[in-house]
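This report describes a single protein chain for a reader who has its sequence and its three-dimensional form at hand. Please follow each residue on the display as it is named.

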Amino acid sequence: HYDKILAMGVKAELAVFCKGGQIHEMYRSDADSTLSKKSEVAAIPGDGGWIMGKCAKIMKGNCSIKFEESKTVFTLKIPAKPYGSQKITTPIDIKTFKLPDKIWGIAIDDSKIQMKLLGKFFEFAGVPSDRVHVFGKDADEIMGFVDFVVNFMDENMGDHVLLIADENLDVTDEASKHRTISGSQLVENIRLRLLPEQEQFLVALIRSANDSSSDVAIYNARAHGFLPKA
């Protein structure tokens, strides 16, 4: 009966999304019906297409169907925002902005000078020195950073944490073999291990001198934002 559906044109396409209707009922007659009793029993009237259309409309989208000679094409269109596109639109006055009370500052960098600068950064940002943890003095601290942060978030549920990670962390293992660890990947692993209710108290930023649009896109995908290393 597909040839008859094709002959119906737009009527058939609209009928799919009508409540309680079936296409074959629109062209079948007692004279030319070749449906067996078995197929008649199987063809139970339903509202599947009508329900799909309603759902799509609620989600501000639409669905359609197209009957072609060799195929049937069903299309569902739903508007979606790219990941990370929902930014804060409320203007922030940088003169009056302050970090939450009792916030923790956690950072990691493989440079001793940068570690000291990060400590100063937290101080200027208003984080008490006794609530600041800066890591990166050796390979053990870098390799154990993910476990430390995850355990720290477990032990300090409800406390806000500002985390800053250098992107390129150089380490040398016991065999004197040198390699570079990605700070953004460490942050990504941390986020994967945290519960959603824990991550809402965390702001993780990637600090790097590599600030090309492609690099920043990677940082923003793995962490919550990018902090220029200037």
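Asparagine 210 touches Asn168, Asp215, Tyr219 and Phe226, leaving aside residues up to four places away in sequence; contact here means heavy atoms within 4.5 Å. The model is a predicted one, in which local features need pLDDT of at least 70 and side-chain atom pairs count only at pLDDT 80 or more, while totals for chains, interfaces and linings use all residues. Residues are numbered from 1 along each chain as its sequence is written, and side-chain values use heavy atoms, with hydrogens and water left out.

Asparagine 210 is found in the loop between strand S8 (202–208) and helix H11 (213–222). Helices (H or I, at least four residues) and strands (E, at least two) are DSSP runs, numbered from the N terminus. With a relative accessibility of 38%, asparagine 210 is partly exposed. On this scale, buried means under 20% relative accessible area, exposed means over 50%, and partly exposed lies in between (1.4 Å probe, protein chains only).

Threonine 75 belongs to strand S2 (residues 72–77). Its contacts, again without residues up to four places away in sequence, are Asn62, Cys63 and Ser64. From threonine 75 to serine 64 the separation is eleven residues in sequence and 5.3 Å in space, C-alpha to C-alpha. Threonine 75 is partly exposed, at 28% relative accessibility.

**The chain as a whole**

The protein chain contains eleven helices and nine strands. Of its 230 residues, 32% count as buried. Among contacts in the chain with a separation of 6 or more, 58% come from residues 24 or more positions apart. The accessible surface is about 15300 Å², and carbon and sulfur atoms hold 56% of it. Such areas come from the Shrake-Rupley method with a 1.4 Å probe; for residues, only the protein chains shown count as cover.

**Two helices in contact**

How do the axes of H8 and H9 lie to one another, and at roughly what angle do they cross? The axes of helix H8 (residues 145–155) and helix H9 (residues 183–193) come within 9 Å and cross at roughly 35°. These axes are lines fitted to C-alpha atoms, for helices over the stretch in contact, and the angles run from 0 to 180 degrees between N-to-C directions. On the H8 side, Phe145, Val146, Asp147, Val149 and Val150 take part, and they meet Leu186, Asn189, Ile190 and Arg193 of H9. By class, this contact has six nonpolar, one polar and two charged residues. Ala, Val, Leu, Ile, Met, Phe, Trp, Tyr, Cys and Pro count as nonpolar, Asp, Glu, Lys and Arg as charged, and the others, Gly among them, as polar.

**Salt bridges**

The structure holds ten salt bridges. A salt bridge is a side-chain nitrogen of Lys or Arg within 4 Å of a carboxyl oxygen of Asp or Glu. Three of these pairs are listed below.

| Pair | N to O distance |
|---|---|
| Aspartate 109 and lysine 229 | 3.8 Å |
| Lysine 120 and glutamate 123 | 3.8 Å |
| Glutamate 141 and lysine 137 | 3.9 Å |

The salt bridge of aspartate 109 with lysine 229 links distant parts of the chain, 120 residues apart: aspartate 109 is in the loop between strand S3 (104–108) and helix H6 (112–125), and lysine 229 is in the segment after strand S9 (225–228). Aspartate 109 is buried, with a relative accessible area of 1%, whereas lysine 229 is partly exposed at 29%. Asp109 and Lys229 also belong to a network of salt bridges together with Asp166 and Arg207.

Why are lysine 120 and glutamate 123 separated by about one helical turn? They are so placed because they are three residues apart in helix H6. Lysine 120 is partly exposed at 45% relative accessible area, and glutamate 123 is partly exposed at 47%. In the remaining pair of the table, lysine 137 is exposed, with 60% relative accessibility.

**Positive phi values**

Lysine 60 has a positive phi of about 60° although it is not a glycine. Lysine 60 sits in the loop between helix H5 (48–58) and strand S1 (62–67) and is exposed, at 74% relative accessible area. Lysine 102, also not a glycine, has a positive phi near 60°. Lysine 102 is in the loop between S2 and S3, and its relative accessible area of 65% makes it exposed.
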